[in-house]
Amino acid sequence: MAVVTISRQFGAGGRSLGEKLCERFGFHLVDEHVIDELARKAKVKGDWLTAMEKEASSTILGLISEIYSRGIFYKGPAAPGEGFERKKYITFLTRIMTSMVDEGGYVLLGRGAQLVLKDHPKVFHVLLVADYEDRVKFMVERYSLPRPEAEKIIKEKERQRAAVAANIFGANIDDPGLYHIVLNTSRLPFDWAVDEVTGLFGRFMKAAE
């Protein structure tokens with residue numbers, strides 16, 4: 001049995017895709033909140049990561065979405081002891097995510113799973129993208145949010161997503177070369193995207209056996 005990782009531009013439907021895949025394959029969804037709780041219990045998520053996420057949400061990095069879309073990503077200076085904590089965190093992610101792959105039957109959403117497991121032969125990587133206006137509309141309709149709140153959440157999450165990938169892994173998280181398939185949910189119906197990923201992953205699982 002194999003594993004799927006899903007990365008998404010926030011509001012492109014990544015969580016919804018993960019839930020659909022879990023329904024179809026009987027998998028378990030593991031998102032960043034689950035990983036963070038496991039890391040907290042293992043005492044490996046330090047103040048440096050929290051600070052980095054907060055910094056990524058600040059107005060100082062207000063242009064990060066434009067920057068990373070051009071293939072240039074922000075990487076802040078390391079604080080004292082941060083290098084050790086980063087290595088410890090990556091080691092933890094590698095251990096916990098590899099264990100999930102060994103067991104099989106998981107959809108991993110967030111926390112750099114596609115980077116931690118990028119060369120694993122039993123892991124299928126998906127990236128969902130969408131136009132900004134469509135992502136705002138999705139958040140407003142799905143979560144009944146006012147438009148300003150939806151825009152704020154999307155911008156903050158995108159900044160965090162780009163900065164964490166850059167600072168922890170030194171990677172551009174939207175590099176298409178990291179993924180088996182990249183789908184634009186502004187260009188095709190969401191159900192088509194689900195069907196496409198389901199079909200390809202089914203074939204991938206058979207080949208990985």
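**Confidence, sheet and helix packing**

Author: This is a predicted model, and over residues 57-78 the pLDDT stays under 50, although the model still has 33 contacts beyond four places in sequence for that stretch.

Reader: And what is the mean pLDDT of the protein chain?

Author: The chain averages a pLDDT of 84, with 82% of its residues reaching 70 or more.

Reader: OK, on to the sheet: what is the order of the strands?

Author: The sheet is open and has five strands, which run in the order β2-β3-β1-β4-β5 with parallel pairing. Because β2 (28-31) and β5 (181-184) each have a single partner strand, they stand at the edges, and one side of each is left without a neighbour in the sheet.

Reader: What does the twist average from one strand to the next?

Author: From one strand to the next, the twist averages 20°.

Reader: Let me zoom in on β1 and β3: how many bridges are there?

Author: There are four bridges, through which β1 (residues 3-8) and β3 (residues 106-109) pair in the parallel sense. In one of the pairings, Ile6 has Leu109 of β3 as its bridge partner.

Reader: Switching to helices, at what angle do α1 and α9 pack?

Author: Helix α1 (residues 14-25) packs against helix α9 (residues 190-208) at an angle of about 50°, and their axes are 10 Å apart. That angle is why α1 counts as oblique to α9, and the crossing of the two helices is right-handed.

Reader: Which residues in α1 and α9 meet?

Author: From α1 there are Ser16, Leu17, Lys20, Leu21, Arg24 and Phe25, and these meet Phe190, Val194, Asp195, Val197, Thr198, Phe201, Gly202 and Met205 in α9. Sorted by class, this contact of α1 with α9 has eight nonpolar, three polar and three charged residues.

Reader: Now α7 and α8, how do their axes cross?

Author: The axes of α7 (residues 132-143) and α8 (residues 147-169) come within 9 Å of each other and cross at roughly 120°, which means that α7 is oblique to α8. The crossing of α7 and α8 is right-handed.

Reader: Which residues make the contact there, and of what class?

Author: On the α7 side the contact is made by Tyr132, Glu133, Arg135, Val136, Met139 and Val140, while α8 brings Arg147, Ala150, Glu151, Ile153, Ile154, Lys155 and Glu158. By class, the contact of α7 with α8 has seven nonpolar and six charged residues, with no polar residues.

Definitions and conventions: Residues are numbered from 1 along each chain as its sequence is written. This is a predicted model: local features need pLDDT of at least 70, side-chain atom pairs count only at pLDDT 80 or more; totals for chains, interfaces and linings use all residues. Side-chain values use heavy atoms; hydrogens and water are left out. Two strands pair if DSSP finds at least two bridges between them. Axes are lines fitted to C-alpha atoms, for helices over the stretch in contact, and angles run from 0 to 180 degrees between N-to-C directions. Angles under 35 degrees count as roughly parallel, over 145 as roughly antiparallel, 65 to 115 as roughly perpendicular and the rest as oblique. A crossing is left-handed if the near helix is turned anticlockwise from the far one by less than a right angle, and right-handed if clockwise. Contact means heavy atoms within 4.5 Å. Ala, Val, Leu, Ile, Met, Phe, Trp, Tyr, Cys and Pro count as nonpolar, Asp, Glu, Lys and Arg as charged, and the others, Gly among them, as polar. pLDDT is the predictor's confidence in each residue, from 0 to 100.
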